[in-house]
Amino acid sequence: VQLVESGGGLVQAGGSLRLSCVASETEFRINSMGWWRQVPGQQRELVAVVHTAGSTNYADSVKGRFTISRDNAKNTVDLQMNSLKPEDTAVYYCNADASPVNSGTQFRYWGQGTQVTVSS
């Protein structure tokens, strides 16, 4: 499964950005899709995840500001980020957990990452 992200960039504090990720068409069954972020020297952290049935989970630090959405038919996942703060600055990675169609084994796939920089 190949994941391609777009939408990162530079924005002032209080502004908004929308990240998009599309998964290549595949014979895998995509289960959950999500967004993670990583600051140099720190561990990658989960920002938001959306499961196949539509349920979502968010990091406490982004609740009320970020919204994750998914289009199962198009294998896309978006992250709408509002009220951005300088501490949101990081490389954001799209991820998909997927299983071969005839297997229950699940694999995790990552996009290449997109930089989000929020200036104060």
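A charge counts as sitting over a ring if NZ of Lys or CZ of Arg is within 6 Å of the ring centre and within 35 degrees of the ring normal. Arg44 also has its charged end over the ring of Tyr93, 3.6 Å from the centre of that ring.

This is a predicted model, in which local features need pLDDT of at least 70, side-chain atom pairs count only at pLDDT 80 or more, and totals for chains, interfaces and linings use all residues. Residues are numbered from 1 along each chain as its sequence is written, and side-chain values use heavy atoms, with hydrogens and water left out.

Start with the overall build. The protein has 11 strands and zero helices. Strands (E, at least two residues) and helices (H or I, at least four) are DSSP runs, numbered from the N terminus. The radius of gyration, taken over C-alpha atoms, is compared with a globule rule of 2.2 Å times the number of residues to the power 0.38. For 120 residues, a compact globule would come near 14 Å, and the protein agrees, with 14 Å. Its C-alpha atoms fill a box of roughly 50 × 25 × 20 Å along the principal axes. Buried residues make up 42% of the 120 residues. Buried means under 20% relative accessible area, exposed over 50%, and partly exposed in between (1.4 Å probe, protein chains only).

Now the aromatic rings. The whole structure holds three aromatic pairs. Rings of Phe, Tyr and Trp (its six-membered ring) pair if their centres lie within 6.5 Å; planes under 30 degrees apart count as stacked, over 60 as edge-to-face and the rest as tilted. One of the pairs is Phe28 with Phe107, edge-to-face, at 6.4 Å centre to centre and 70° between the planes. Phe28 is in strand β4 (residues 28-38) and Phe107 in strand β10 (residues 107-110), 79 residues apart. Phe28 is partly exposed, at 27% relative accessible area. Phe107 is partly exposed too, at 38%.

Trp36 and Trp110 make another edge-to-face pair, with 5.4 Å between centres and 75° between planes. Trp36 lies in strand β4 and Trp110 in strand β10, so this pair ties together parts 74 residues apart in sequence. Trp36 is buried, at 17%. Trp110 is partly exposed, at 33%.
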